Amino acid sequence: MADFRDLRVVVIGAGMGGLGAALAFAKKGFKKIDVFETASNLGFVGAGIQMPPNVARVLDRFGVWDEIEAEATDVKETSIRQGSTDTELSHVYMPDMRERYGYPHCTGHRSSLAGSMYKGCLKEPAITFHFSTALASVDSYSPKARITVQPRDGAAYQVEADILLAADGIKSVTRTQMLALLGHESEEEDTGQAAYRIMLTRDEMKHDPEMLALLECDTVVRWIGERRHIIAYPVSNHTIYNLSTAHPDTNFAGATNAQYTTRGSKDAMLGVFEEFCPLVHRMLNIVPDGEVCEWKLRIYKALPTWVHGNVALLGDACHPTLPHLSQGAAMAIEDGAVLAECVSRVPEDKLGDSEALSKALKVYELLRKPYTTTLVDLASHSGRVLHLGEGKAKEERDRLFKDNGKSGTVPDKWASPDVQKMIYGNDCVKEAIERFEELYATL
């Protein structure tokens, strides 16, 4: 009798989405999972990351959450402040996340999250990593997925799979080729925003009582101003303070190619936040000259499809988002968990039928696309509200902020109890289990 565990799964990309997908399929018992990654190693660089209850729930199913939580900050409150004066506009307490949703809302270092998932993968004999190996082309979508990969030091070769999962990020080769085959193209939606990502150490902050208080608390702080803001929180057992910004894009807008990162100027960074308060200035001034990096914040218009044949997109390859809701990595990891659940539920007598496998991937899209589209739109909306200039709209926003979430809603949607309930209470795997047969029958 056919067994879903014998299906060969190939994952393109070993970022958050790729690692999560590989681990999800391994935990479901799949025996042959190959992960192809362009980089020579994972490196585990990057800044801080938020890990809300919805992704903690999935990571716990993967068996890696305890290690991640051990060095994470358990967020208990958020302070939203006027950037120019450091005056608090709103203070929202979140002490009962674990009681409400079964898991805390944590902040941590990206290396902790990715590293723990990678270690989890290495414990699974079913998973094989192929580093320094880039996807060159997708040659077939069904009845088997077939790709050509190019090792950095070697000849290109073909790989065949029953299921191909494209977690190859916002610059996804798979997405571009798949949509072109279907007569479409992915359209970038200009955000007009860029970001600096900064990490300050305890040694760099300990001389300043105000800075040290920020590092030692369990609070996410957001300083907001017209067309720009900074969000900051402690990570790595309160030894590092992470700051991420969103501000008007000038460097990338004038570029002649599709850059995503660039070496930034400290003077330019200080100029962007010139009107912010002295506390912010003191933190930004710690950043060494020559160590300023800027990222273009990019999103795409909703794609016509995520699935063709036995190939599915996930994570930033199909729903890149602005960071204002702190759900980008969470959505990518959830995608992998839902994919594994859907593919494992293909009827046994249909496992040799590529159309049945494609239908399972389509169920994944039906489950995930409306939800992720809502979150992407909410993140964009939240950014617009946070970046309001002087006027009646800002006055109304600040009036709502003063309520501190007691009415159930906050203009900063990340901190809004109604939005938190919708997202943090969502168990993506449970939903897949409950709705798979119903959705599969409609295809």
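User: Which residue is the bridge partner of M51 in β7?
Analyst: C106 is the bridge partner. Keep in mind that this is a predicted model.

User: How many bridges link β3 and β7?
Analyst: The two strands pair over 4 bridges, in the antiparallel sense. β7 covers residues 106–109.

User: What strand order does the open sheet have?
Analyst: The order is β3-β7-β4, with antiparallel pairing. β3 (48–51) and β4 (73–74) are the edge strands, and each pairs on one side only.

User: Which helix lies across β3 and β7?
Analyst: That's α5, residues 110–122. The helix runs at about 80 degrees to β7.

User: Switching topic. How many salt bridges does the structure hold?
Analyst: It holds 34. One of them joins the side chains of R61 and D427, at 2.9 Å from N to O.

User: Is D427 buried or exposed?
Analyst: D427 is buried, at 17% relative accessible area. R61 is partly exposed, at 40%.

User: And E396, which residue does its side chain meet in a salt bridge?
Analyst: R399, at 2.6 Å from N to O. Both are in helix α13 (residues 392–401), 3 residues apart, so about one helical turn separates them.

Note on methods: Residues are numbered from 1 along each chain as its sequence is written. This is a predicted model: local features need pLDDT of at least 70, side-chain atom pairs count only at pLDDT 80 or more; totals for chains, interfaces and linings use all residues. Side-chain values use heavy atoms; hydrogens and water are left out. Two strands pair if DSSP finds at least two bridges between them. Contact means heavy atoms within 4.5 Å. Axes are lines fitted to C-alpha atoms, for helices over the stretch in contact, and angles run from 0 to 180 degrees between N-to-C directions. A salt bridge is a side-chain nitrogen of Lys or Arg within 4 Å of a carboxyl oxygen of Asp or Glu. Buried means under 20% relative accessible area, exposed over 50%, partly exposed in between (1.4 Å probe, protein chains only).
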